[in-house]
Amino acid sequence: MKHLLKMLDLSTEEIIDILNLADQLKYELKHGIPHNHLKGKTLGMIFQKASTRTRVSFETGMYQLGGYPLFLSSNDLQIGRGEPVQDTARVLSRYLDGIMIRTFEQKEVEDLAEFGNIPIINGLTDFSHPCQVLADLMTIREFKNSFEGLKMCFIGDGNNMANSLIVGCLKVGMEVSIACPEGYRPAQEVLDFANGYDCFTITDSPIEAAKNADVLITDVWSSMGQESEIEKRKIAFNGYQINDELMAVAKPDAMVMHCLPAHREEEITTKVFEAHANEIFEEAENRLHAQKAVMVKLMAK
């Protein structure tokens, strides 16, 4: 494992290894046990998309690991203002020990990895959100103890979250069911991967997808960069909501997760959100621990 670019790149063994280390780091933090695995290391954090959770969790994680986070906004870099990504990658490789980038195009992340010689972590692209899904898997295992026999249902847009959840959950042995409208399906590359599994289904019926689910997950209907499509998307996703009706067909002990921010009464009702707030905010906390595990795996050398 040289980089974390997308879930498709990770083997089942690598995913479990990251989750095990994340559990260990979380335990050590809760019990005041120092873990300065990245003492003296510097992580450059490139943000072309703003984020509360990504910035705070990566900065805090680097400090807890004994390293130094360096925040780089789009105003601080020449990427997109004339300098090729390959030149930026080669320059930053001489200053930093790793780069986390949160951006729009997956190609930009892949190019940094190709032309640089330090680890690259995908903090989010329009195609993939591996850090969030590793935190989601960590949370599922915490609450359910194992992945064996579990069904994950995702309701909503076939976006970066859906792409990454499909791959991650299938690789750890879960059944996966996706409900999204025509025209908003996951990436073909992901569907091609998933079609190799008998335990994968995709439908336009949220009720069908949610039947006997152990875990229900959703995301906002409109992500950053899709502001001009908000009204169109509200029409398209009408009915794609985690609510009492969906919870009634899921397992009685089903858990609910959301990567946040949540738009209550759109993709999830306030009632369901608050009933499962403990799971949702544990999921948010686990971004810190999962990302620390990724940074240790990539940078503690």
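R55 lies over the face of F71, with 3.7 Å to the ring centre. R264 is likewise placed over the face of F273, at 4.0 Å from the ring centre. A charge sits over a ring here if NZ of Lys or CZ of Arg is within 6 Å of the ring centre and within 35 degrees of the ring normal. The model is predicted, so local features need pLDDT of at least 70 and side-chain atom pairs count only at pLDDT 80 or more, while totals for chains, interfaces and linings use all residues. Residues are numbered from 1 along each chain as its sequence is written, and side-chain values use heavy atoms, with hydrogens and water left out.

Next come the aromatic pairs. A pair of aromatic rings is described by the distance of the centres and the angle of the planes. Rings of Phe, Tyr and Trp (its six-membered ring) pair if their centres lie within 6.5 Å; planes under 30 degrees apart count as stacked, over 60 as edge-to-face and the rest as tilted. By this rule there are six aromatic pairs. F193 and Y197 are a tilted pair because their planes stand at 50 degrees, with the ring centres 5.2 Å apart. Y197 is partly exposed, at a relative accessible area of 29% (buried means under 20% relative accessible area, exposed over 50%, and partly exposed in between, with a 1.4 Å probe and protein chains only).

W221 and F237 form a stacked pair, 6.2 Å centre to centre and with 20 degrees between the planes. W221 lies in the loop between β8 (215-218) and α9 (230-236), and F237 in the loop between α9 and α10 (244-249), so the pair ties together parts that are 16 residues apart in sequence. Helices (H or I, at least four residues) and strands (E, at least two) are DSSP runs, numbered from the N terminus. W221 is buried, with a relative accessible area of 7%, and F237 is buried at 0%. Y184, W221, F237 and Y240 form one aromatic cluster.

The helix packing can be taken in turn. Helix α5 (residues 130-144) and helix α6 (residues 160-171) pack at about 50 degrees, with their axes 9 Å apart. Axes are lines fitted to C-alpha atoms, for helices over the stretch in contact, and angles run from 0 to 180 degrees between N-to-C directions. α5 and α6 are therefore oblique to each other, given that angles under 35 degrees count as roughly parallel, over 145 as roughly antiparallel, 65 to 115 as roughly perpendicular and the rest as oblique. The crossing of α5 over α6 is right-handed; a crossing is left-handed if the near helix is turned anticlockwise from the far one by less than a right angle, and right-handed if clockwise. The contact (heavy atoms within 4.5 Å) involves residues including V133 and L137 of α5 and L165 and G168 of α6.

Helix α3 (residues 85-92) and helix α4 (residues 106-115) also pack at about 50 degrees, with axes 8 Å apart. α3 and α4 are therefore oblique, and their crossing is right-handed. V85, Q86, A89 and R90 in α3 meet E108, D111, L112 and F115 in α4.

The axes of helix α1 (residues 12-30) and α12 come within 8 Å and cross at roughly 110 degrees, so the two helices are roughly perpendicular. N286 lies in α12 (residues 277-299) and is buried, at 0% relative accessibility. Leaving aside neighbours within four places in sequence, N286 is in contact with K26, A135, M138, T139 and E142.
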